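Dear colleague,

I am handing over the structure we spoke about, and it follows directly below. Please keep in mind while reading that it is a predicted model. My notes on what was found come after it.

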Amino acid sequence: MSGTPRQSVGRHRSTLSLQKTEIVINVYDLLPAGRVSSILWAFGTSFLHTGVVINGREYAYGGHNKRGVSGVFWSKPRTPPPGGSFRCELLHGFTLATEEEINATVHAACEQFLGTDHNLLNKNCNHFTAYICKALTGDPGPGWLNRASTIGKALPCLVPRDWLEAPDHMAVDGELLDSDDEADEATERSTMLQKRGRLNNPGSRS
């Protein structure tokens, strides 16, 4: 038996109070613009970098050699990685998670995606994108975003060894973000999310 009219109205108001948050995937080509990148893009085998845009911040993952520090960072949306170019924007979906729940999801990802664990075949920026999207929407996103790494795992002899190791430096300029730091001016810079402390010269590799 359904609830009383008063209970029904209460549930209706509760449903209306839920706010949907848009989840967008920004896709970047890591190869310089030219014939090769155009051909690979046409065949769906491009070397891609992705970031997830949530509430005006684009979250992504890169590698570095600082032990115990997350490789997750955020930047202004559509900021391409060094040498890369913006390809397209994908509206992945929406989440009903609250801001607190979204922040908790991002910080849980920080624990899972350390900079020293970065690997272009097994744990790259596209794996991070899939993790965030699945956690917030239940859908990891398009599989073709990581097709190049799938091919690389099938044919490892084609992948340079140094591509599989975390870089000895970080390439994305920015300053670290404390969990309580909401400084507006920081939105203009790429920002690393870390588990402990602050670094003086952070950066990242996709």
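A search for aromatic pairs across the whole structure finds 6 of them. In one of these, tyrosine 61 and phenylalanine 128 form a tilted pair, with 6.5 Å from centre to centre and 35° between the planes. Because tyrosine 61 belongs to strand β3 and phenylalanine 128 to helix α4, this pair ties together parts that are 67 residues apart in sequence. Phenylalanine 128 also pairs with phenylalanine 113, this time edge-to-face, at 5.5 Å centre to centre and with 85° between the planes. Phenylalanine 113 lies in the loop between α3 and α4, so this second pair ties together parts that are 15 residues apart in sequence. Tyrosine 61 and phenylalanine 128 are both buried, and phenylalanine 113 is buried as well. Ring pairs link Tyr61, Phe113, Phe128 and Tyr131 into a cluster, and the charged end of lysine 123 sits over the ring of phenylalanine 113, 5.1 Å from its centre.

Strands β3 (residues 57-61) and β4 run antiparallel and are joined by 4 bridges. Strand β4 (residues 72-75) is covered on both faces, with Val72 and Trp74 buried on one side and Phe73 and Ser75 buried on the other; in a regular strand, the side chains alternate between the two faces of the sheet. Arginine 57 lies over the face of tryptophan 74, at 4.2 Å from the ring centre. In the loop between β3 and β4 lies glycine 68, which is buried with a relative accessible area of 14%.

Strand β1 (residues 21-29) is largely enclosed by the rest of the structure, because 8 of its 9 residues are buried. It pairs in the antiparallel sense with β5 (residues 85-95) over 9 bridges, where isoleucine 25 stands opposite leucine 90, and also with β2 (residues 48-54) over 6 bridges, where asparagine 26 stands opposite glycine 51.

Helix α3 (residues 99-112) has 14 residues and reaches 20 Å from its first C-alpha to its last, close to the 20 Å expected. Its buried residues include Ile102, Thr105, Val106, Ala109 and Cys110. These cover an arc of only 150° around the axis, which means that they lie on the same side of α3. The buried residues of α3 pack against β1, β2, β3, β4, β5 and α4.

With best wishes

Note on methods
Residues are numbered from 1 along each chain as its sequence is written. This is a predicted model: local features need pLDDT of at least 70, side-chain atom pairs count only at pLDDT 80 or more; totals for chains, interfaces and linings use all residues. Side-chain values use heavy atoms; hydrogens and water are left out. Buried means under 20% relative accessible area, exposed over 50%, partly exposed in between (1.4 Å probe, protein chains only). Helices (H or I, at least four residues) and strands (E, at least two) are DSSP runs, numbered from the N terminus. Two strands pair if DSSP finds at least two bridges between them. The expected span of a helix is 1.5 Å times one less than its number of residues. The arc is that of the directions from the helix axis to the C-beta atoms. Contact means heavy atoms within 4.5 Å. Rings of Phe, Tyr and Trp (its six-membered ring) pair if their centres lie within 6.5 Å; planes under 30 degrees apart count as stacked, over 60 as edge-to-face and the rest as tilted. A charge sits over a ring if NZ of Lys or CZ of Arg is within 6 Å of the ring centre and within 35 degrees of the ring normal.
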